[in-house]
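Hello,

Here is the structure you asked to look through. Please open it first, then read the notes below it.

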Amino acid sequence: MICDMPRRNPGRGERPQRRKVMVRHGERGDAFRCVGCRLDVPMSAPGTAHRNHCPHCLTSLHVDRRVPGDRRAGCRGRMAAFSVTVRPDGEWLIIHHCQSCDELSANRIAGDDNALALLRIAMRPLSAGGRLPATALLAL
Amino acid sequence: MSGNGKPRSTLSTDTFACVRCGLTVTAAAPDGARRNHCPSCLHSLHVLDRVEGGPSECRSRMIPISIAVLRTGDWMLIHRCTRCGELTSNPICGDDNQLILMRMAVRPLAQPPFPLEAFGDL
């Protein structure tokens, strides 16, 4: 009978709990956790000094207001990758769209961003789900 | 003539001149909505503040930078202000220049940051 089995640790004397070391979770340290896929991401990124989106799912967090790095937005909503644009020098930018306050921001891609996720966003206007302006293709 | 004595046609003949190409455009799109960009060159004017809401005092030219696609499949045109860098997104119109729209849609694929040949093996 299971209920009659003796407990493995029969009543040890009262002992105060050990004081735990408080670990601060958040972006204070050298890593942050992605709000989209929960991946732990180191802050150091190849090709850029400021990591501002998850390299795996490209999701960002709405913390900056007008100037990058000002941390003045009180929104802290999730920003999904909305579109991809190209600078005149050929560098790609991800347009992020805040899911809670509708704000947009443009961020440079990093060297370790997921190439398949980037290509999926770039292909979105041309895929069958979008309403492709077929008359433009016929005019070419 | 409508009820208040003003001719009804003034509502639909409201026009504006494009800041870039100078084309005189009717303010109402074919579907009846109010236009926010030139249908010929797709440029816009920064008159609405997106962060604070309400009118903006910037009033500079906004250039179209990319196409985004909503879940519904509708295309959105993303503009960036040349003076303050603000980004806006607006739905495309039925009479927008489709060659410029297609050029913006394929521009990222014409300048990829990584070789696209690798995706042929997937």
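In this predicted model, the largest nonpolar core has 28 residues. Those that touch the most other members are A:V84, A:I94, A:I95, A:L118, B:I67 and B:A68. Both chains contribute: at least two core residues come from each of β4 (78-86), β5 (92-98), β6 (104-108) and α1 (115-123) of chain A, and from each of β4 (61-69), β5 (75-81) and α1 (98-110) of chain B. With four residues, β4(A) gives the most to this core. As a general point, nonpolar side chains in soluble globular proteins tend to be buried together.

Apart from its neighbours within four places in sequence, A:I95 is in contact with A:F82, A:S83, A:T85, A:L104 and A:A106 in chain A, and with B:S66, B:A68, B:I78 and B:L87 in chain B.

Next, the contact between the chains. Here 28 residues of chain A are in contact with 24 residues of chain B. On the chain A side, β4, β5, β6, α1 and α2 (134-139) each supply at least two residues. The largest share of that side, five residues, comes from β4(A). Sorted by class, the side of chain A that touches chain B has 16 nonpolar, seven polar and five charged residues.

Now the sheet in chain A. It is an open sheet of four strands, in the order β3-β4-β5-β6, with antiparallel pairing. At the edges are β3 (60-61) and β6 of chain A, each of which pairs on one side only. Between β4(A) and β5(A) there are seven bridges, again in the antiparallel sense. To see this pairing at one position, find A:T85, which stands opposite A:L93 in β5(A). The helix α1(A) packs on the sheet and touches β4 and β5 of chain A. The direction of α1(A) makes about 70° with that of β4(A).

Last, the helix α1(A). Which residues of α1(A) are buried? They are A:L118, A:I121 and A:A122. Seen down the axis of α1(A), these buried residues fall within an arc of 100°, so they line one face of the helix. The cover over them includes β4 and β5 of chain A as well as α1 of chain B. One of the three, A:L118, is also among the core residues that touch the most other members.

Regards

Conventions: Residues numbered from 1 in each chain as written. Chains lettered and ligands numbered in written order. Predicted model: local features only at pLDDT ≥ 70, side-chain atom pairs only at ≥ 80, totals over all residues. Core = buried A, V, L, I, M, F, W, Y, C linked by C-beta atoms within 7 Å. Buried ≥ 20, exposed ≤ 12 C-beta atoms within 10 Å, placed from the backbone. Contact = placed C-beta atoms within 7 Å. Nonpolar A, V, L, I, M, F, W, Y, C, P; charged D, E, K, R; others polar. Pairing = 2+ DSSP bridges. Axes fitted to C-alpha atoms, helices over the stretch in contact; angles between N-to-C directions. Arc of directions from axis to C-beta.
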